[in-house]
Amino acid sequence: AQTNLEQATTIYPRYAAAWYEMGRLLEQREQLVEAHRAYDQARAADSKYLPPYERLSFIAFKESKWQDVADYSDQLLRLDPATYPDAYYLSSVANFQLQHFDVAERHAREAIRLDPAKKNMRSHYILGLALASQQKFAESTTFIKTFLGAPPAGTNVEQISKQLAQIEEEAARQPAGSPSP
């Protein structure tokens with residue numbers, strides 16, 4: 001497959017789909033630097049071809065390159081704001097890590113809205129953390145409890161339960177009816 005894709009991109013260097021498929025092949029082999037280059041070639045060939053933006057977001061996420069995750073996912077969402085709930089999730093995590101809590105909140109809410117089947121419950125968790133970071137403790141607990149009600153495999157439930165307890169303590173200290181900042 002790689003030989004055929006290399007031939008296709010040699011014959012027609014602006015073949016975005018071939019570059020993308022080359023990137024997928026390389027990414028599956030854990031050759032992330034080469035996959036990144038192939039995805040960049042796909043974007044250069046057709047800047048409106050969406051799949052490379054999503055894959056670049058995932059690669060940056062694996063590498064904890066938060067600004068890159070935010071940049072790639074935001075580019076994807078500008079091109080198509082309705083089809084990629086995972087892009088909203090990735091953007092929310094990246095913006096949380098970058099301490100852009102309002103953007104993290106907004107994008108986590110959108111990820112949840114676009115995922116009615118609740119395939120990615122992690123969006124609830126990141127929304128809860130973003131809200132807590134903005135001192136919206138009572139609302140935060142609701143989303144973290146929702147997440148804990150259906151944690152994905154591998155979730156550190158004990159650690160998240162401790163975070164929830166701390167947030168609940170903060171919520172109890174917050175005067176009733178006090179406006180959130």
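## Two residues in loops

Serine 64 sits in the loop that links helix H4 (51-62) to helix H5 (66-79); helices (H or I, at least four residues) are DSSP runs, numbered from the N terminus. Although serine 64 is not a glycine, its phi is positive, at about 55 degrees. With a relative accessibility of 42%, serine 64 counts as partly exposed. On this scale, buried means under 20% relative accessible area, exposed means over 50%, and partly exposed lies in between (1.4 Å probe, protein chains only).

Glutamate 30 is another residue to look at here. Its place is the loop between H2 and helix H3 (32-45), and its phi is positive at about 65 degrees, although glutamate 30 is not a glycine. Glutamate 30 counts as exposed, at 55% relative accessibility.

## What you are looking at

This is a predicted model, in which local features need pLDDT of at least 70, side-chain atom pairs count only at pLDDT 80 or more, and totals for chains, interfaces and linings use all residues. Residues are numbered from 1 along each chain as its sequence is written, and side-chain values use heavy atoms, with hydrogens and water left out.

## The overall picture

The protein has 10 helices and zero strands, where a strand would be a DSSP run of E with at least two residues. Its C-alpha trace spans about 65 × 30 × 25 Å along the principal axes. Of the 181 residues in the protein, 45% are buried. Among contacts (heavy atoms within 4.5 Å) with a separation of 6 or more, 49% are between residues 24 or more positions apart.

The protein carries 20 positive and 23 negative charges, whose mean positions are 2 Å apart. Lys and Arg count as positive and Asp and Glu as negative, while His and the chain ends are not counted. Each charge is placed at NZ of Lys, CZ of Arg, CG of Asp or CD of Glu.

## Helix H1

Leu5, Ala8 and Thr9 are the buried residues of helix H1 (residues 2-11). They lie on the same side of H1, because they cover an arc of only 90 degrees around the axis; the arc is that of the directions from the helix axis to the C-beta atoms. The buried residues of H1 pack against helix H2 (16-28), while Thr3, Thr10 and Ile11 are exposed on the other side of H1.

Asparagine 4, in H1, counts as exposed at 53% relative accessibility. From threonine 10 to proline 51 the C-alpha to C-alpha distance is 21 Å, and the two are 41 residues apart in sequence.

## Helix H3

H3 has 14 residues and reaches 20 Å from its first C-alpha to its last, close to the 20 Å expected at 1.5 Å a residue. The expected span is 1.5 Å times one less than the number of residues in the helix. The buried residues of H3 are Leu32, Ala35, Ala38, Tyr39, Ala42 and Ala45. Seen down the axis of H3, these fall within an arc of 140 degrees, so they line one face of the helix.

An α-helix has 3.6 residues a turn, so residues three or four places apart point the same way. The buried residues of H3 pack against H2 and H4. Arg37 and Ala44 are exposed on the face of H3 turned away from its buried side.

## Helix H10 and its partners

Helix H10 (residues 157-173) is built from 17 residues and reaches 24 Å from its first C-alpha to its last, close to the 24 Å expected at 1.5 Å a residue. Ile160, Leu164 and Ile167 are the buried residues of H10. They line one face of the helix, because they fall within an arc of 65 degrees when seen down the axis of H10. On the other side of H10, the exposed residues are Glu158, Lys162, Gln166, Ala172 and Arg173.

The buried residues of H10 pack against helix H8 (122-133) and helix H9 (137-149). Threonine 141 is in H9 and is buried, with a relative accessible area of 10%. Leaving aside neighbours within four places in sequence, threonine 141 is in contact with Leu164, Ile167 and Glu168.
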